Amino acid sequence: MESTLIGRAQGVYVNSQLDGKALYMVFSIVFTHGEFKGSTLEIQGSDIFAMKEREFGVVSGTGYFRFVKGYGIMETEFMDLPNLRATLKLNVTVKHY
Ligand SMILES: *[C@@H]1O[C@H](CO)[C@@H](O)[C@H](O)[C@H]1NC(C)=O
């Protein structure tokens, strides 16, 4: 799939389940190009990564996204566990408060 880089995720994933099948994630989506350049979205929640689609919360944001809240659906497009790399697809819906 053709796509243009507009930003990257920056944050941490930690194991959150005894069987290792869930992660807890806290990260910022830092926009570096395009319409939202300089703004961020703040993502936080559990990631049961074996599920095809999982929902997560958007707790806040900065810049254009100040005072937003929302949710999103995440899908894994590519995962390279030994090298701790993955490409995720996020469909995010936010509302300004
Ligand atoms: C993204 O999520 C919204 C709301 O949850 C939904 O209406 C829309 O169809 C989704 N878009 C894609 C491309 O999946």
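## Burial and surface

Buried residues, meaning those under 20% relative accessible area with a 1.4 Å probe and protein chains only, make up 25% of the 97 residues in the chain. The accessible surface comes to about 7,000 Å², and 56% of that belongs to carbon and sulfur atoms; the areas come from the Shrake-Rupley method with a 1.4 Å probe.

A quick word on ground rules: this is a predicted model, where local features need pLDDT of at least 70, side-chain atom pairs count only at pLDDT 80 or more, and totals for chains, interfaces and linings use all residues. Residues are numbered from 1 along each chain as its sequence is written, and side-chain values use heavy atoms, with hydrogens and water left out.

## Fold and dimensions

The chain has six strands and zero helices, going by DSSP runs (E, at least two residues, for strands; H or I, at least four, for helices). With a radius of gyration of 14 Å over C-alpha atoms, close to the 13 Å from the globule rule (2.2 Å times the number of residues to the power 0.38), the chain is as compact as a globular protein of that length. Its C-alpha trace spans about 40 × 30 × 20 Å along the principal axes.

## A look at Arg-54

Arg-54 sits in strand E4, residues 53-62, and is buried at a relative accessible area of 5%. A polar atom of its side chain lies 3.0 Å from the backbone oxygen of Met-51. Leaving aside residues up to four places away in sequence, Arg-54 touches residues including Asp-47, Phe-49, Glu-75 and Leu-88, with contact meaning heavy atoms within 4.5 Å.

Note on methods. Buried < 20%, exposed > 50% of the residue type's maximum accessible area, 1.4 Å probe, protein only. Polar contact = N/O pair within 3.5 Å; in protein donor to acceptor, adjacent residues only side chain to side chain.
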